[in-house]
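Thanks, everyone, for making time this morning. I would like to walk you through one structure, and I will begin with a term that we shall need along the way.

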Amino acid sequence: MPPVIHRPALSTLALSLVLAACGGSSTSGTPVSVNLASMITAPAPAPAVPAVPPPVVNDTAPAAGPPETAPAAPDAVPVADGAPVGDAVVGKPGPVPTPPAVLVPTPPAVVPVPAAVVPAPLVPVPSTPPVAAVPVKPVPQQGVPVTVPVVTVPVATPPVATPPVIAPPVVTPPVVVPPVVTPPVVVPPVVTPPVVTPPAITPPAVPVAVPAAWTTGVSSFVHPGIGYNAADLAQYKAHVLAGEEPWASGYHYLGGRTPLNYAMLGPFAIANRNIDLNRGAFERDMQMAYNHALMWYVSGNSAHAEKSMSILDAWATTNTSLDGVEAALMLGDYSGRAIIAADILRGLYPGWTATHTAHMKSWLENVWWRRLQVGGSSALGTALGNGSLLKPCNQGGLALKAALAVAVFLDSPLKFDQVINAYLSDPGGLDQMTSTGELGDTGRDQGHAHGQLATYGAIAETAWKQGIDLYSLHNNRLLTAGEYYANYNLGKPFTFTPVSCGYGYYTQIGAQPLQSMPANLFETLYTHYVVRKGLKAPNVTEYRELAKSRGEAGPYSGPYSGQIYRRTKDASTARAITFPFTAPVMTAATSFTQADLGTVRTAGSATNTGANWKMTASGAGAEKGYHFAYKELKGDVEVIATVTDPGALASGVAGIMLRSSLDARPATAAAQIYVAPASSGNGTHLFWRVGTQYYGGYHAARRFPTAVAPMSLKLVRHGHFVYAYLSSNGGTDWTAIGTIIYPELSDTLYVGIFTASGDPVATTTATFENVKIGSKPGSLVAPPTKVSASARSGGIGVQWSASPLARSYDVLRATAAAGPFERVGTELTGTSFVDMGATANTAYFYTVKASTYSGLSAPSAVASVPAR
């Protein structure tokens, strides 16, 4: 709002001048009065002199001065220039003269009139009219007689004199023009201010946001929340107490198998599966801990809760190893007993203490987690980073089921993310289910197929309880798989597409139908897809009722295991999730660079029509000499091809390959999938060689004799991992045959197709169709920067700057600059670490690696601390 301009009112001095001009009182003169009574007899009163009208005072305000510098009030109203401001100045009329007194004004002092104020004209007071003289007779002297005649003096009435009205002359005061005084122009001296150079101020560095790694967004956890939560348990209890079936009879059956006087069989420091050691004791005790937890919740009898807690706490504080070739199977099966029991009591039983939680967390992190093939803190070693190396088929699924339960109980967002990433990215997870609903174990047997599918259902339900929706992925792939399994095992017509897993390549469905499998799988799928989502699942629904009526297998199980999942209502929700990675964009391979590698005597060649290729080659064999048509690619890469004919020679092979160099010596890291002619009986091979530093030149191969041409092959490089797949339907569905970890694999790879005849001189000709390649920037991250180390109270502090897209960090320590380095801190989510194991009399050297879901970065620069 513009400032309001205030115009000052007339000054007191100006107002006095106006009043004086109008005949008003003034301190500069006194009115003059003439008394004639002593001279004549008072005449009759003279008529009143008309009042002289007061002078007109111009009420125009003086010119505005400069605007005030004070800020306008908040409610000030703008005033246009020239508009009167404040009250108008009104001239006061002078007093009217009272006869006979005559006021003789004292000439006013000459006061300069400001140019902006024009005074009214001065009017002179009229003079007094003349009076006629009366004759006086002389008075006679005394002593002389004198006869005085009587004379009657006539009374003379003086004439009434009407004074003439004299119009005062208009006196125009002279206009006094003040002399124009031109002030002297004073030129100020030119003063050059000194040049002051301000000090250079470096603004504080604004931290640049470092791109973050993929996460699920889950940062806190629900307890109980492994498989079911408090609302699910409350619904189950209500059905039991109401006597509703099948819940009531299932609970009665549970009670008959859960005695309060149960004598624990363990604990033991070691329990293994294959070769078995204390396995039976571990499994039965974990089952009883679960049974007692459920009995307490429904009955309210705290003796059941105390029995469950005593079993769990005894094992948690005693056991140091759960191992064996099939440790993942044991842990996957009994995570659904031990960890769920602990989670129910932790979340709901008042007698569960922080000490119980601490004991369970220590056991789960230091014993269970190390056997579950997920994350760099597992027994598989640091090379995993935040990735996974799952075993094939049902073993991978069971490891994930147990790992997710551990992550939830530990309240670990990092481990939770690692498990969900493995489910979404590792070939042992979601990719084990094809678009037709088949699993890797579908061709093996129906018991293993049920177990594999049940683990995926348990994973999806636990994730749902923590707010993440895995059920909807790949267009409700879990429902498709459930419908396929139930359809076949109900004895209905079916179709089968050959599938593979690490155990084999299956060309027909495995074993006869089974109709006695536990109901928990079908209850889980029915509750989600039918009760929650309102979808149709006719085969799952039918098998669910069949399983309920027949009970369940196993010496310590019963029909109750599936009934908590059997719900009549469920309005819970969860959010969708994005995938951690996107595949490279694949393009048709219409040109290649060609070379003969290894032991080759006859030069090879390859020609193409679009993405279809024909290659003629000699060569000592797939790992010894061959003709290679390739592209040089960087980062994460993928190559696919369908081998339609591997050639006529029984010793020949044709396939796809990626390698870190064109040097064919054994030290070169390489991976190959190749197909041999059917006549050879060799089928398809997966061969890999892992260089020298990490595995000492280790190489291995897997053979799938029934996988013959035509066969589609795929290799995927993802950071430090290479995944191998086969497809029997031209690439519509891919099923895994192996995962290889390559800590030394370079960023630049040579990717393409190859052929070998098995003979350095003789040649064979192979054909390929639909050859495609693709690449994208690598998923490995740069090592941390600005690494420093310093001694502090309690140890040595190590700090570093974050690496873009890193999910966590590992700190390694050595006593020499060249190493060897050992890991002293792992899966650190911050950018600092205190090494409390350092001693004062030793010099230490530290390096830091950034970890992602695709492996570890190269080591950072070394920071050192001298001996103290």
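When I call a residue buried, I mean that its relative accessible area is under 20%. With that cut-off, Glu461, at 2% relative accessibility, is buried, and please keep in mind throughout that this is a predicted model.

Glu461 pairs with Arg532 in a salt bridge whose closest N and O atoms are 2.7 Å apart, and this pair links distant parts of the chain, since Arg532 sits in helix α12 and Glu461 in helix α10, 71 residues apart. Arg532 is buried as well, with a relative accessible area of 13%. Arg532 also forms a salt bridge with Asp570, with 3.1 Å between the closest N and O atoms, and because Asp570 lies in the loop between α13 and β7, that pair ties together parts 38 residues apart in sequence. Asp570, at 14% relative accessibility, again counts as buried.

Which residues do salt bridges with shared partners join into one network? They are Asp232, Glu461, Lys465, Arg532, Arg567 and Asp570, while the search of the whole structure finds 26 salt bridges.

Let me turn to helix packing. The axes of helices α2 and α3 come within 7 Å and cross at roughly 95°, so the two helices are roughly perpendicular to each other. Tyr236, His239 and Val240 of α2 make the contact with Trp247, Ala248, Tyr251 and Leu254 of α3, and these residues divide into six nonpolar, one polar and no charged.

Notes: Residues numbered from 1 in each chain as written. Predicted model: local features only at pLDDT ≥ 70, side-chain atom pairs only at ≥ 80, totals over all residues. Heavy atoms only, no water. Axes fitted to C-alpha atoms, helices over the stretch in contact; angles between N-to-C directions. Helix = DSSP H or I, 4+ residues; strand = E, 2+ residues; numbered from the N terminus. Parallel < 35°, antiparallel > 145°, perpendicular 65-115°, else oblique. Contact = heavy atoms within 4.5 Å. Nonpolar A, V, L, I, M, F, W, Y, C, P; charged D, E, K, R; others polar. Salt bridge = Lys/Arg side-chain N within 4 Å of Asp/Glu carboxyl O. Buried < 20%, exposed > 50% of the residue type's maximum accessible area, 1.4 Å probe, protein only.
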